[in-house]
Every structure is written in C-alpha cells, then in structure tokens.
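Please read the following report alongside the sequence and the model. It goes through selected helices, loops and side-chain pairs in turn.

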Amino acid sequence: MAMERTSSSAAAQDDDPLNGNTDMDSIERIFESKKVPPWQSQLTLRAFVVSFILGILFTFIVMKLNLTTGIIPSLNVSAGLLGFFFVKTWTKFLDKSGLLKQPFTRQENTVIQTCVVASSGIAFSGGFGSYLFGMSEIIAKQSNEANSAQNIKNPSLAWMIAFLFVVSFLGLFSVVPLRKIMIIDFKLIYPSGTATAHLINSFHTPQGAKLARKQVRTLGKFFSMSFLWGFFQWFFTGGDNCGFASFPTLGLKAFENRFYFDFSATYVGVGMICPYLINVSLLVGAILSWGVMWPLINEKKGEWYPAELKLSSLHGLQGYRVFIGIAMILGDGLYNFVKVLGYTLFGLYHQFSKDKTKGDPVSGNSSPDLPSLSYDDQTRTRMFLKDQIPNWIAIVGYLTIAIVSVVTLPHIFHPLKWYYIAAIYVFAPVLAFCNAYGCGLTDWSLASTYGKLAIFVIGAWAGGSNGGVLAGLAACGVMMNIVSTASDLTQDFKTGYLTMASPRSMFVSQVIGTAMGCIISPCVFWLFYNAFDNFGVPGSQYPAPYALIYRNMAILGVEGFSTLPDKCLMLCYIFFGFAIFVNGIRDLVGKNRARFIPIPMAMAIPFYIGGYFAIDMCVGSLILFIWSKVNKAKAAAFGPAVASGLICGDGIWTLPSSILALAGVNPPICMKFLSRSTNVKVDTFLGS
C-alpha cells in the first residue's frame, strides 16, 4: 500500500481453506456442483451497469478523501458487498418474474469488484489531489516559487481526460505476460486480493449469502444516517469556519492548533477500516508537530524567518510544516523502496534457484506439478491456465500506447519532451514488475514513491528555466499510473484465481473499469473544482494538501535547497534520518513489538494538515475496539459494513451539496464559536 492509499486487509492464514492448503474444508468442493461459466459469460451487461453506478459512488468518496487529507482506505470489500447486493436483488426480481436467463455467480461478482476498484482507483492515481492539481495556478500561488507561466497548467476537462486515457492503460499491458509467474509459479500472497476473494466466495455460499444480506442492511442503515447527518450539518455552514466541522471540542486554543473533533462520518468510518497503528501514528504525528514543534518554531519568528511574512508563505512557518513533512515522507519512501526491492530480489533469486529443474518461469515453460497440489489449487490452476491472454497482445498494446503517449503528451505538457517519456517507458515495465511483485509479498504498493522518483529525475533533467516543475509533475503522473495499475491488476488476478474467474474476464473488466475512471474521475473533480469556493486553499473545505506537497517536491528537485527557510534543512535531515531509523527499529524488533511503534509515513501526514482528522479516525478505532471487546464476532462481521456505510453516505452527500453550490443555493445559518472576550466585543459592536 502507498501511505496515501491504505490497505485494510491482512494476509489470509496458512490454514485458510481459500488458500487451498487443506482439503478438509475445501472451498472448491462446496462449488463443485456449480459449473464455471465461460469467460465471455462472466462479462455481463448488468455487471457493467452496476459497476458504472458504484464507480461513480466510490469516485466521489475517493475524490473527497483525496482533496481533504489524502488517506484512502481499501474499498474492495465495500465494492464486492454492494456489487453482490445490487445484482442479487436484480436476479431475484427477474427470477420471480421468470425472466432470469443467467444466474449470478461469484465470477461475475469478481468482475464487478474489479471494475469498480479500477474505475475509482483513477481518482487516486490520476493525481487530482496531488500532482495534477499541483500544476494549477491556485497551488502555484501558495508556493511563491517557480510560478511562471511555463510551470503552470490549470485544470481543464478536455486535457485531463485525454491525459488519463493516454497513460492509464500502459500498466495493464506491462504485467500481463507475468501473470502466470506471479500467481502460479511464485504463488505470491497478495493479501488484499486474497481477503477480497475470501469474502466473495463466502457471499455465494448459503450461509454467506445470509450474512451478506444482513451486512448490506447494516451498511444501508449507516449510509442513511451518514447522508442525513451531512445534510443536517450543511444548514449551519453559511460562511467561513462555520458549522460542526469548526466545533472547538477540545477548546479554542486546541482548535487554533487544529486539534478538534470535526464530526466527520467519513473519517470515523475510515478509522474503523484502517489498522489501529495507522490511526495512532497519525495522532502521534499531530501531537509532535502541532502540539510541540510548530509552537516552538513560532517562537523563533523574527530570528529564523521574517516576522512580517504571511502565514501561507513557504519562507516562514508554513515552509517548516511542508518541507519537514516531505523529508519524513521521502525517508519512509526510500526505506520501504529499498526494503521491498530487497524482498523482490531475494524472492526472485529463491524462486529461480528453486525452479531451475522445473524450467524457466520467465519463458513460460514451467508447469506446476498438479498432483502435488491440493484439490483447490489443482482446480484453480487448471482454470487459470485455460484462458490465456496471448503475450503478443500485451506487447503490441504496450508499444502502441507508448508511441501514442510519446507523440501526444508533449502537446498537453510542453516542457515534457518526447525523450523524457520514452526514457520512462523503457524503465517502466521493470518498475511495474517490481511494484507488483513487492505488493504480492508485502501488500505495499509504492506507486507514489516511484512517482516522486520521477518528479526529481525528470524535473532536474528538464531544469527550472525549461518548465522543470511542470515536467516533473507530469512525469510523476505517467510513472504513478503505470506502476499503480500494474499492482492493481495483479491483485485482481489473485482474486480471480481464488474465485475461479478467468484471467481474460479480469483483464477486460480492468480495461473497461479504467476507461470508465478516465471519464468519471475528471468529471467528478471538475464538479468539485467549480462548485466550492476557495477550492485548494488551506483552511477551506477542500484544501487538497498533497497538491502543495507534490508541487514543492518538484520545486525542490529543480531549484535545490535554496527555497528553504533558516534551520529548515537541518530539521529536514534530522526527520529524514528519523523516518529511516524508526522503520529500521520496527523491522528489527519483530511484528509483535512493531505494532507499538508508530509508522513514520503516517506520522508525517498531519505535519501540514493538522490533527483534526486523526482525532476522528481514532474515535473510529475506539468504537471498533470497544465493539470487539463486547462482541468480537459481530464486530468482525459488521464492522466493515458500518464503516462503509458511514463513508459512502457522507461521501455521496457531496454530490447534492456541490449541485446546490453550483446553483447558488447557500446554507441559511452560520454557526460559529467565539471566545468570551471576542463575544463581548461583537455584542458591544452590534449593540452600538
């Protein structure tokens, strides 16, 4: 997982029947009487209609999260559950009316989940809250550096859609030839893909279908509550810093330092999905930065930086907030990049030395020794190898899209020369493989880390006088889309393998979902961009904090350290080293003790944003923790459904609220909180 995009599942245990390791509780024997439909029949019209509707819903959710804090939980479980509910309802209605021609299968459920996640995933990899919006004039004005016309490109629906169509499919073609190696030969775990398959398989058993109906009812109940709560809150937001989101729950002084509970159903739900350690790490980072460091650095005003600077100036306190956070993100990213690369190289060496006698897995000559496998793995392997995707399709597809990209992208981003793009595409398949392999071992997608690498390399190559900032951000988008979609597709191949869905249907579903996302995501972003005042400005409803961070990374890559305020570079070195040191300690002490040590990447996120969302997420964790103590089984079964309902309801409220904003309908009330002394002044002024 990239830290901006968290994964919520753990690896399936070795004795899990879904791994096919035991015959005693074989999942495939349960489905033995059900014929697996051919791959064409797994791709139904109803599946893609449902995927399109859910794709819009989840894109709104991901976009809202992207533009507020940048923490995006795994939505695979919600997509699988809602896909099951919609199609099951559809087929039940048709069955009663005698019009049902094709029953709903777990393979079709997998196709829906794949399509929805591919579609909504573009809202993350498309960079609407990071590199793409970081190109805009709104963000450039906040940095006060490298904001000449050649380093700025304002959002436009046409070029955003064109850019995404050009860059979003390459990652899919880059890993198709390696699907058999990853899933069959190397038997990579892909924890999120395995957990999703476990749920989909369970939905389609009689007991699982019963539980799924209860989960959907629970999700619907909390969806309604969350939506109505968002609607209720809207009435009190008729001005800046108004409403429940500005409620100083911990006092006015704490509120000034961004410590408060903002009554966000979304982040309470996200907190219930994210692991406890992520939420605690966020809170620790918020306390360290806004509770200790920034007040201390603020005391150095006039000594370390000019006292007359605006609060938004990167040469003042804001510079420490942004660049120290960047240093921690880069330190954590570098450590995990080296770590995952090490795992990848060691794993490859181990696999190749083990498979020497069985043939060369890269050439595709190796064939699994089926009799030595369990019944489940034998059945799944035969199905997985049955519907092969010819390698020539992947090679021709990759080369065709690469050529189109090399020709097209320089016309969209003038500083991004054709040879920069060609260089990226030469190395991209190797990096996509490394990311997909590392994700299979660790569940970590380092897409954003590879994107940041492209920012520095291409930005420095282009140079500041030649639009290096814009070139670096555009290169980040190209790289991030390739490696992100590559790991997503291999996760889906693992899910398909465990649910007996054809690799062909998985690939087609991913392609269609990606195409949907290339249209839906820019349209949803465009709605946000035009509907809300002060969009992208710190302190607003949608501040897009990562956009400024990514732009400043590009400036740092082009201009070096000259942009940093006094003592900031020293502090950056300290926190860069701190991130590496803490990660090293976490790995040395083992998993049992590491769960008590914060994660540096998560700690870095509140450095710029503040601690309000961390408090919301910790409340979500606390609810789940207490629930687990009271009734562990119910919490495990219904916790994800409650969390998904809270996220979906609040997320979908942004659609009517943005339509109201576009129509010029403003909330009627401003609920604001003042100190006693300020209130006396206001009363005196109004009384006079």
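## Helix H7 and Ala158

Ala158 is a residue of helix H7, which covers residues 157-167. The model in which it is placed is a predicted one, and every value in this report should be read with that in mind. With a relative accessibility of 58%, Ala158 counts as exposed, since the class begins over 50%. Ala158 and Phe413 are 255 residues apart along the chain, and their C-alpha atoms are separated by 13 Å.

## Helix H3 and its surroundings

Helix H3 takes in residues 45-68, 24 residues in total, and its first and last C-alpha atoms are 35 Å apart, which is close to the 34 Å expected at 1.5 Å a residue. Because 19 of its 24 residues are buried, H3 is largely enclosed by the rest of the structure. After the helix comes Gly70, a residue with a positive phi near 85°.

In soluble globular proteins, nonpolar side chains tend to be buried together. Here the largest nonpolar core has 193 residues, and the residues with the most contacts inside it are Phe163, Leu409, Leu416 and Tyr425. Helix H20, which runs over residues 468-499, gives the most to this core, with 17 residues.

What does Leu416 touch, if residues up to four places away in sequence are not counted? Its partners are Leu409, Pro410, Ile421, Ile458, Ala471, Ala474 and Ala475. Leu409, one of these partners, is itself listed among the residues with the most contacts inside the core.

The structure holds 9 salt bridges. One of them joins the side chains of Arg46 and Glu108, with an N to O distance of 2.6 Å. Arg46 belongs to helix H3 and Glu108 to helix H5 (residues 106-125), so this pair ties together parts that are 62 residues apart in sequence. Are the two partners buried or exposed? Arg46 is buried, at a relative accessible area of 9%, and Glu108 also counts as buried, at a relative accessibility of 0%.

A second pair is formed by the side chains of Asp376 and Arg380, which meet in a salt bridge at 3.9 Å, N to O. Asp376 and Arg380 are separated by about one helical turn, because they are 4 residues apart in helix H16, residues 375-386. An α-helix has 3.6 residues a turn, so residues three or four places apart point the same way. Asp376 and Arg380 are both buried, and together with Glu28 and Arg106 they are linked in a network of salt bridges.

## Asp566 and the loop between H22 and H23

Asp566 is part of the loop that lies between helix H22 (545-559) and helix H23 (568-589). The side chain of Asp566 meets that of Lys567 in a salt bridge of 3.6 Å, N to O. Lys567 counts as partly exposed, with a relative accessibility of 36%, and Asp566 is likewise partly exposed, with a relative accessible area of 39%.

When neighbours within four places in sequence are left aside, Asp566 is in contact with Glu303, Trp304 and Tyr320. Asp566 and Val111, by comparison, are 455 residues apart in sequence and 54 Å apart in space, C-alpha to C-alpha.

Note on methods. Residues numbered from 1 in each chain as written. Predicted model: local features only at pLDDT ≥ 70, side-chain atom pairs only at ≥ 80, totals over all residues. Heavy atoms only, no water. Helix = DSSP H or I, 4+ residues; strand = E, 2+ residues; numbered from the N terminus. Expected span 1.5 Å × (residues − 1). Buried < 20%, exposed > 50% of the residue type's maximum accessible area, 1.4 Å probe, protein only. Core = buried A, V, L, I, M, F, W, Y, C linked by side-chain atoms within 4.5 Å. Contact = heavy atoms within 4.5 Å. Salt bridge = Lys/Arg side-chain N within 4 Å of Asp/Glu carboxyl O.
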